[in-house]
Amino acid sequence: MPLTEAAFEAQVRPHLDALYRTAVRLSGDRAGADDIVQEAVIKAWRHYDRFEQGTNFRGWIFKILMRTFLNE
């Protein structure tokens, strides 16, 4: 899959609900979860060129979510 915005969106969209649920559990509130998910998706988009196509996208984006939470 080429490194395009559409390709990124197609990969991230199926995981948004799970990312949000995880962020709610981590942060303890919905507003904080919104911010964490938004920041994680932005970071993932910025570094999408580093994602190795064909590997575990879900694991990759969840790792970004966890690091975002820990660093915030």
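Which residues are buried in helix α1 (residues 5-12)? In this predicted model, local features need a pLDDT of at least 70 and side-chain atom pairs count only at pLDDT 80 or more, while totals for chains, interfaces and linings use all residues. Residues are numbered from 1 along each chain as its sequence is written, and side-chain values use heavy atoms, with hydrogens and water left out.

The buried residues of α1 are A7, F8, Q11 and V12. Here buried means under 20% relative accessible area, exposed means over 50%, and partly exposed lies in between, with a 1.4 Å probe and protein chains only. Helices are DSSP runs (H or I, at least four residues), numbered from the N terminus. Viewed down the axis of α1, the buried residues fall within an arc of 125°, so they line one face of the helix. The arc is taken from the directions that run from the helix axis to the C-beta atoms. An α-helix has 3.6 residues a turn, so residues three or four places apart point the same way. On the other side of α1, E5 and A6 are exposed. The cover over the buried residues of α1 includes α2 (16-27), α3 (30-46) and α4 (57-71).

Two packed helices are described by the angle between their axes and the distance between the axes. For α1 and α3, the angle is about 135° and the axes are 11 Å apart. Axes are lines fitted to C-alpha atoms, for helices over the stretch in contact, and angles run from 0 to 180 degrees between N-to-C directions. The two helices α1 and α3 are therefore oblique to each other. Angles under 35 degrees count as roughly parallel, over 145 as roughly antiparallel, 65 to 115 as roughly perpendicular, and the rest as oblique. The crossing of α1 and α3 is right-handed; a crossing has this hand if the near helix is turned clockwise from the far one by less than a right angle, and is left-handed if anticlockwise. In this pair, E5, F8 and V12 of α1 meet V41, A44 and W45 of α3, where contact means heavy atoms within 4.5 Å. The residues of this contact divide into five nonpolar, no polar and one charged. Ala, Val, Leu, Ile, Met, Phe, Trp, Tyr, Cys and Pro count as nonpolar, Asp, Glu, Lys and Arg as charged, and the others, Gly among them, as polar.

Helix α2 also packs on α3, at an angle of about 130° and with the axes 8 Å apart. That angle makes α2 oblique to α3, and their crossing is right-handed. From α2, L16, L19, Y20, A23, V24 and S27 meet R30, G32, A33, D34, I36, V37 and V41 in α3. This contact comprises nine nonpolar, two polar and two charged residues.

H15 is found in the loop between α1 and α2 and is buried, at a relative accessible area of 15%. Leaving aside neighbours within four places in sequence, H15 is in contact with F57 and R58. W45, in helix α3, counts as partly exposed at 38% relative accessibility. Not counting residues up to four places away in sequence, W45 touches T4, E5 and F8. W60 is found in helix α4. Its C-alpha atom is separated by 11 Å from that of H15, 45 residues apart along the chain. With neighbours within four places in sequence left aside, W60 is in contact with A44, H47, Y48 and F51.
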